[in-house]
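Welcome to a short tour of one structure. Please have the sequence and the 3D view at hand as you read.

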Amino acid sequence: MSDAKIRLYVEHPLGTGQAVPLTADQAHYLFAVMRLGKGAAVLLFNGRDGEWRAEVAEAGKRGGILICTDQTRPLQLPPDLWLLFAPIKKARTDFIVEKAAEMGAARIVPVQTRHTNSERIRQDRLQAHAVEAAEQCGGTFVPEVADLQHLDKLLDTWPEGRRILWCDETKVGAQVALSGATSGPWAILIGPEGGFSDTEQKRLRAMPQVLPVSLGPRILRADTAAVAALTLWQANLGDWN
Ligand code: SAM
(Lines give C-alpha, C1' and ligand atoms only; values in the text may rest on other atoms or scores of the structure.)
Protein backbone atom coordinates (compact mmCIF):
# COMPACT_ATOMS: atom_id res chain seq x y z
CA MET A 1 0.00 0.00 0.00
CA SER A 2 1.45 3.33 -1.02
CA ASP A 3 1.83 6.21 1.45
CA ALA A 4 0.49 8.56 -1.26
CA LYS A 5 -3.19 9.54 -1.19
CA ILE A 6 -3.34 11.93 -4.16
CA ARG A 7 -3.42 10.67 -7.76
CA LEU A 8 -2.49 13.04 -10.54
CA TYR A 9 -2.56 12.72 -14.31
CA VAL A 10 0.52 14.19 -16.03
CA GLU A 11 1.62 14.30 -19.66
CA HIS A 12 5.29 13.69 -18.88
CA PRO A 13 7.01 10.28 -19.25
CA LEU A 14 7.30 8.31 -15.99
CA GLY A 15 10.13 5.98 -14.89
CA THR A 16 12.61 5.38 -12.07
CA GLY A 17 14.32 8.65 -11.10
CA GLN A 18 12.35 10.60 -13.72
CA ALA A 19 11.85 14.29 -12.85
CA VAL A 20 8.29 15.44 -13.61
CA PRO A 21 7.69 19.19 -13.90
CA LEU A 22 4.29 20.47 -12.72
CA THR A 23 2.02 22.98 -14.44
CA ALA A 24 0.93 26.06 -12.48
CA ASP A 25 -2.52 24.48 -11.91
CA GLN A 26 -1.05 21.22 -10.62
CA ALA A 27 1.35 23.12 -8.31
CA HIS A 28 -1.54 25.20 -6.98
CA TYR A 29 -3.59 22.07 -6.33
CA LEU A 30 -0.79 20.12 -4.61
CA PHE A 31 0.88 22.88 -2.61
CA ALA A 32 -1.86 25.49 -1.96
CA VAL A 33 -5.03 23.35 -1.88
CA MET A 34 -3.70 20.02 -0.57
CA ARG A 35 -0.85 21.66 1.40
CA LEU A 36 1.81 19.12 0.38
CA GLY A 37 5.43 20.06 1.03
CA LYS A 38 8.86 18.78 0.03
CA GLY A 39 9.21 15.02 0.44
CA ALA A 40 5.46 14.32 0.28
CA ALA A 41 4.38 11.39 -1.89
CA VAL A 42 1.96 11.53 -4.84
CA LEU A 43 0.77 8.88 -7.32
CA LEU A 44 1.25 9.79 -10.99
CA PHE A 45 -0.03 8.24 -14.22
CA ASN A 46 0.11 9.41 -17.82
CA GLY A 47 -1.99 6.82 -19.64
CA ARG A 48 1.13 5.06 -21.00
CA ASP A 49 3.58 4.10 -18.24
CA GLY A 50 1.32 2.75 -15.47
CA GLU A 51 1.10 4.35 -12.03
CA TRP A 52 4.18 5.66 -10.20
CA ARG A 53 4.88 6.88 -6.69
CA ALA A 54 6.71 10.20 -6.79
CA GLU A 55 8.07 12.60 -4.18
CA VAL A 56 7.94 16.37 -4.16
CA ALA A 57 11.48 17.67 -4.83
CA GLU A 58 10.60 21.33 -5.43
CA ALA A 59 7.40 23.10 -4.40
CA GLY A 60 6.73 26.57 -5.76
CA LYS A 61 3.73 28.86 -6.25
CA ARG A 62 3.68 28.49 -10.01
CA GLY A 63 5.46 25.17 -10.50
CA GLY A 64 7.32 22.34 -8.89
CA ILE A 65 9.14 19.09 -9.57
CA LEU A 66 8.28 15.54 -8.56
CA ILE A 67 10.74 12.65 -8.75
CA CYS A 68 9.42 9.16 -9.53
CA THR A 69 10.58 6.51 -7.04
CA ASP A 70 8.86 3.25 -8.05
CA GLN A 71 6.02 1.85 -10.11
CA THR A 72 2.95 1.05 -8.02
CA ARG A 73 0.78 -0.44 -10.80
CA PRO A 74 1.32 -1.47 -14.41
CA LEU A 75 -0.64 0.11 -17.26
CA GLN A 76 -4.07 -1.50 -17.55
CA LEU A 77 -5.69 -0.87 -20.91
CA PRO A 78 -9.49 -1.09 -21.21
CA PRO A 79 -11.14 -3.36 -23.79
CA ASP A 80 -11.43 -1.94 -27.32
CA LEU A 81 -14.82 -0.33 -26.70
CA TRP A 82 -15.95 3.06 -27.99
CA LEU A 83 -18.95 4.93 -26.65
CA LEU A 84 -20.86 6.93 -29.27
CA PHE A 85 -23.55 9.18 -27.84
CA ALA A 86 -25.57 12.20 -28.90
CA PRO A 87 -24.76 15.07 -26.50
CA ILE A 88 -27.63 16.23 -24.30
CA LYS A 89 -27.71 18.94 -21.62
CA LYS A 90 -24.32 19.99 -20.27
CA ALA A 91 -24.45 18.33 -16.84
CA ARG A 92 -25.83 15.09 -18.30
CA THR A 93 -23.19 15.05 -21.05
CA ASP A 94 -20.51 15.57 -18.38
CA PHE A 95 -22.02 12.63 -16.49
CA ILE A 96 -21.87 10.36 -19.55
CA VAL A 97 -18.18 11.15 -20.15
CA GLU A 98 -17.30 10.68 -16.48
CA LYS A 99 -19.11 7.32 -16.26
CA ALA A 100 -17.68 6.08 -19.58
CA ALA A 101 -14.14 6.78 -18.31
CA GLU A 102 -14.85 5.05 -14.98
CA MET A 103 -16.50 2.05 -16.61
CA GLY A 104 -13.69 1.34 -19.04
CA ALA A 105 -14.50 2.82 -22.45
CA ALA A 106 -11.36 3.18 -24.57
CA ARG A 107 -12.68 6.11 -26.65
CA ILE A 108 -15.62 8.47 -26.29
CA VAL A 109 -17.18 9.94 -29.42
CA PRO A 110 -19.95 12.55 -29.21
CA VAL A 111 -22.10 12.24 -32.35
CA GLN A 112 -24.50 14.64 -33.99
CA THR A 113 -27.66 12.89 -35.11
CA ARG A 114 -30.81 14.21 -36.79
CA HIS A 115 -32.42 14.93 -33.41
CA THR A 116 -29.33 15.83 -31.36
CA ASN A 117 -30.19 18.60 -28.89
CA SER A 118 -26.76 20.21 -28.75
CA GLU A 119 -24.80 21.28 -31.83
CA ARG A 120 -21.64 22.17 -29.98
CA ILE A 121 -19.50 20.59 -27.30
CA ARG A 122 -16.42 21.77 -25.44
CA GLN A 123 -14.07 18.90 -26.24
CA ASP A 124 -11.38 20.25 -23.86
CA ARG A 125 -13.85 20.38 -20.95
CA LEU A 126 -15.09 16.87 -21.64
CA GLN A 127 -11.51 15.57 -21.91
CA ALA A 128 -10.74 17.17 -18.52
CA HIS A 129 -13.75 15.30 -17.07
CA ALA A 130 -12.34 12.03 -18.41
CA VAL A 131 -8.95 12.81 -16.79
CA GLU A 132 -10.60 13.64 -13.46
CA ALA A 133 -12.64 10.43 -13.57
CA ALA A 134 -9.49 8.37 -14.22
CA GLU A 135 -7.70 10.14 -11.35
CA GLN A 136 -10.53 9.26 -8.97
CA CYS A 137 -11.30 5.69 -10.02
CA GLY A 138 -7.72 4.42 -9.90
CA GLY A 139 -7.49 3.96 -13.66
CA THR A 140 -4.10 4.11 -15.38
CA PHE A 141 -5.61 4.94 -18.79
CA VAL A 142 -7.56 8.00 -19.95
CA PRO A 143 -9.99 7.56 -22.87
CA GLU A 144 -9.70 10.09 -25.67
CA VAL A 145 -12.78 12.28 -26.06
CA ALA A 146 -13.17 13.02 -29.78
CA ASP A 147 -14.67 16.17 -31.27
CA LEU A 148 -18.35 16.14 -32.20
CA GLN A 149 -18.84 14.16 -35.42
CA HIS A 150 -21.84 13.65 -37.68
CA LEU A 151 -23.17 10.13 -37.24
CA ASP A 152 -23.76 9.88 -41.00
CA LYS A 153 -20.17 10.75 -41.83
CA LEU A 154 -18.83 8.43 -39.17
CA LEU A 155 -20.88 5.54 -40.57
CA ASP A 156 -19.64 6.31 -44.13
CA THR A 157 -16.16 5.12 -43.15
CA TRP A 158 -17.09 2.75 -40.35
CA PRO A 159 -14.45 -0.05 -40.01
CA GLU A 160 -15.67 -3.45 -41.13
CA GLY A 161 -14.35 -5.23 -38.05
CA ARG A 162 -15.87 -2.97 -35.37
CA ARG A 163 -19.33 -4.02 -34.29
CA ILE A 164 -21.94 -1.61 -32.98
CA LEU A 165 -24.18 -2.35 -30.01
CA TRP A 166 -27.02 -0.10 -31.05
CA CYS A 167 -29.30 0.80 -28.15
CA ASP A 168 -32.49 0.81 -30.14
CA GLU A 169 -35.49 2.36 -28.40
CA THR A 170 -37.88 0.64 -30.82
CA LYS A 171 -36.86 -2.62 -29.13
CA VAL A 172 -38.08 -1.51 -25.69
CA GLY A 173 -39.45 -4.57 -23.94
CA ALA A 174 -37.76 -7.07 -26.25
CA GLN A 175 -35.43 -9.62 -24.71
CA VAL A 176 -31.99 -8.20 -23.92
CA ALA A 177 -29.91 -10.34 -26.25
CA LEU A 178 -26.16 -10.50 -26.66
CA SER A 179 -26.17 -14.20 -27.37
CA GLY A 180 -23.69 -15.19 -30.05
CA ALA A 181 -21.79 -11.91 -29.68
CA THR A 182 -18.05 -12.29 -29.21
CA SER A 183 -15.48 -9.87 -27.80
CA GLY A 184 -13.24 -7.73 -30.01
CA PRO A 185 -13.55 -4.15 -31.26
CA TRP A 186 -17.01 -2.75 -30.42
CA ALA A 187 -18.84 0.55 -30.11
CA ILE A 188 -21.98 1.31 -28.12
CA LEU A 189 -24.38 3.76 -29.76
CA ILE A 190 -26.84 5.82 -27.68
CA GLY A 191 -29.31 8.23 -29.26
CA PRO A 192 -30.54 11.67 -28.20
CA GLU A 193 -33.71 12.50 -26.21
CA GLY A 194 -35.69 12.53 -29.45
CA GLY A 195 -34.39 9.11 -30.49
CA PHE A 196 -33.07 8.13 -33.93
CA SER A 197 -34.75 9.36 -37.12
CA ASP A 198 -36.37 6.88 -39.52
CA THR A 199 -33.50 7.35 -42.00
CA GLU A 200 -30.88 6.71 -39.31
CA GLN A 201 -32.73 3.62 -38.13
CA LYS A 202 -32.96 2.25 -41.66
CA ARG A 203 -29.28 2.83 -42.24
CA LEU A 204 -28.23 1.20 -38.96
CA ARG A 205 -30.46 -1.84 -39.59
CA ALA A 206 -28.79 -2.35 -42.96
CA MET A 207 -25.24 -2.47 -41.55
CA PRO A 208 -23.92 -5.99 -40.91
CA GLN A 209 -21.78 -4.73 -38.01
CA VAL A 210 -24.83 -3.50 -36.09
CA LEU A 211 -26.50 -5.46 -33.29
CA PRO A 212 -29.72 -3.68 -32.18
CA VAL A 213 -30.49 -4.29 -28.52
CA SER A 214 -33.13 -3.50 -25.96
CA LEU A 215 -32.17 -2.10 -22.55
CA GLY A 216 -35.28 -3.49 -20.89
CA PRO A 217 -38.97 -2.65 -20.71
CA ARG A 218 -38.67 1.08 -19.91
CA ILE A 219 -37.37 4.00 -21.98
CA LEU A 220 -34.26 5.26 -20.23
CA ARG A 221 -32.82 8.75 -20.37
CA ALA A 222 -29.74 8.86 -22.56
CA ASP A 223 -27.35 9.15 -19.58
CA THR A 224 -28.98 6.17 -17.83
CA ALA A 225 -28.92 4.24 -21.12
CA ALA A 226 -25.17 4.90 -21.50
CA VAL A 227 -24.42 3.45 -18.04
CA ALA A 228 -26.79 0.50 -18.59
CA ALA A 229 -25.24 -0.33 -21.98
CA LEU A 230 -21.67 -0.06 -20.68
CA THR A 231 -22.61 -2.39 -17.81
CA LEU A 232 -24.28 -4.88 -20.16
CA TRP A 233 -21.30 -4.91 -22.54
CA GLN A 234 -18.60 -5.02 -19.86
CA ALA A 235 -20.31 -7.84 -17.95
CA ASN A 236 -20.80 -9.97 -21.09
CA LEU A 237 -17.92 -9.13 -23.42
CA GLY A 238 -15.54 -6.87 -21.51
CA ASP A 239 -13.08 -6.99 -18.61
CA TRP A 240 -15.50 -7.55 -15.74
CA ASN A 241 -15.04 -11.29 -15.70
N1 SAM B 1 -37.55 9.60 -27.73
C2 SAM B 1 -37.28 8.20 -27.73
C3 SAM B 1 -38.57 7.42 -27.65
O4 SAM B 1 -39.48 7.93 -26.99
O5 SAM B 1 -38.61 6.31 -28.15
C6 SAM B 1 -36.40 7.84 -26.53
C7 SAM B 1 -35.00 8.24 -26.61
S8 SAM B 1 -34.09 7.75 -25.14
C9 SAM B 1 -34.49 9.05 -24.03
C10 SAM B 1 -32.42 8.11 -25.57
C11 SAM B 1 -31.64 6.92 -26.09
O12 SAM B 1 -31.40 5.98 -25.04
C13 SAM B 1 -32.28 6.14 -27.20
O14 SAM B 1 -32.06 6.71 -28.47
C15 SAM B 1 -31.59 4.78 -27.07
O16 SAM B 1 -30.32 4.78 -27.70
C17 SAM B 1 -31.39 4.65 -25.57
N18 SAM B 1 -32.47 3.91 -24.89
C19 SAM B 1 -33.25 4.35 -23.87
N20 SAM B 1 -34.04 3.37 -23.42
C21 SAM B 1 -33.78 2.28 -24.15
C22 SAM B 1 -34.27 0.92 -24.15
N23 SAM B 1 -35.18 0.50 -23.28
N24 SAM B 1 -33.75 0.06 -25.06
C25 SAM B 1 -32.80 0.45 -25.94
N26 SAM B 1 -32.30 1.70 -25.98
C27 SAM B 1 -32.76 2.60 -25.10
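## The ligand and its surroundings

In this predicted model, a polar backbone atom of Gly191 sits 3.0 Å from an oxygen atom of the ligand.

Now for the wider setting. The ligand is surrounded by 19 residues, and the closest are Cys167, Glu169, Glu193, Leu215 and Leu220.

## Helix H2 against H3

Let us move on to the helices. H2 (residues 90-103) packs on H3 (residues 123-137) at an angle of about 45°, and their axes are 8 Å apart. The two helices are therefore oblique to each other, and their crossing is right-handed.

From H2, the residues Lys90, Thr93, Asp94, Val97, Glu98, Ala101 and Glu102 meet Arg125, Leu126, His129, Ala130, Ala133 and Cys137 of H3. Six of the residues in this contact are nonpolar, two are polar and five are charged.

## Helix H2 against H6

H2 also packs with H6 (residues 222-237), here at an angle of about 10° and with the axes 9 Å apart. Because that angle is under 35 degrees, H2 is roughly parallel to H6.

On the H2 side, the contact uses Arg92, Phe95, Ile96, Lys99, Ala100 and Met103; H6 contributes Ala222, Asp223, Ala226, Val227, Leu230, Thr231 and Gln234. Eight of these residues are nonpolar, two polar and three charged.

Methods:
Residues numbered from 1 in each chain as written. Predicted model: local features only at pLDDT ≥ 70, side-chain atom pairs only at ≥ 80, totals over all residues. Heavy atoms only, no water. Axes fitted to C-alpha atoms, helices over the stretch in contact; angles between N-to-C directions. Helix = DSSP H or I, 4+ residues; strand = E, 2+ residues; numbered from the N terminus. Parallel < 35°, antiparallel > 145°, perpendicular 65-115°, else oblique. Left-handed = near helix turned anticlockwise from the far one by under 90°. Contact = heavy atoms within 4.5 Å. Nonpolar A, V, L, I, M, F, W, Y, C, P; charged D, E, K, R; others polar. Near = heavy atom within 4 Å. Polar contact = N/O pair within 3.5 Å; in protein donor to acceptor, adjacent residues only side chain to side chain.
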